[in-house]
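Let's take a walk through a protein fold together.

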Amino acid sequence: EEVGDRIIKLVFIGQKLDVLVETIFDETYMIGHTSNYLHVLLPLDSTKIGSIVNAEMIESTDNHLIGKF
């Protein structure tokens, strides 16, 4: 990942964003994306797959933002 990508993700920490939840990522998270195509991991709740949810961005990894409801 490039440094610029990481900085862009850090800008979103603390913000609430709409996320289209797409699929289960692993046994803990599901994954989706924002309107500007940032990938977001959210706590697993299979009832939300296919929905747009509003989530607060709380952390950034090399590849994803991590959000909470």
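## Two strands side by side

Lys16 stands opposite Glu56 in strand S4. Lys16 belongs to strand S1 (residues 16-24), which pairs with S4 (residues 52-60) in the antiparallel sense over five bridges. Strands here are DSSP runs marked E of at least two residues, helices are runs marked H or I of at least four, and both are numbered from the N terminus. Two strands count as paired if DSSP finds at least two bridges between them.

This is a predicted model, in which local features need pLDDT of at least 70 and side-chain atom pairs count only at pLDDT 80 or more, while totals for chains, interfaces and linings use all residues. Residues are numbered from 1 along each chain as its sequence is written, and side-chain values use heavy atoms, with hydrogens and water left out.

## A hairpin and a barrel

Which strand does S1 join through four bridges? That partner is S2 (residues 29-33), and the two run antiparallel. Thr23 stands opposite Ile31 in S2. Together S1 and S2 form a hairpin, with four residues between them.

The whole set is a closed barrel of five strands in the order S1-S2-S3-S5-S4, with mixed pairing. Neighbouring strands of this sheet are turned by 55° against each other on average, direction ignored; the axes behind this angle are lines fitted to C-alpha atoms, and angles run from 0 to 180 degrees between N-to-C directions.

## One salt bridge

How many salt bridges does a search of the whole structure find? The search finds one. Asp45 pairs with Lys48, and their closest N and O atoms are 3.7 Å apart. A salt bridge means a side-chain nitrogen of Lys or Arg within 4 Å of a carboxyl oxygen of Asp or Glu.

Asp45 is partly exposed, at 24% relative accessible area, and Lys48 is partly exposed too, at 25%. Buried means under 20%, exposed over 50%, and partly exposed in between (1.4 Å probe, protein chains only).

## A nonpolar patch

Val3, Ile7 and Val11 make a nonpolar surface patch of about 300 Å². Such a patch is made of residues with over 30% relative accessible area and no salt bridge, with nonpolar side chains joined within 5 Å. Val11 lies in helix H1 (residues 3-11) and is exposed, with a relative accessible area of 52%.

Technical notes:
Patches are made of residues with over 30% relative accessible area and no salt bridge: like charges are joined within 9 Å, nonpolar side chains (Val, Leu, Ile, Met, Phe, Trp, Tyr) within 5 Å. Accessible areas come from the Shrake-Rupley method with a 1.4 Å probe; for residues, only the protein chains shown count as cover.
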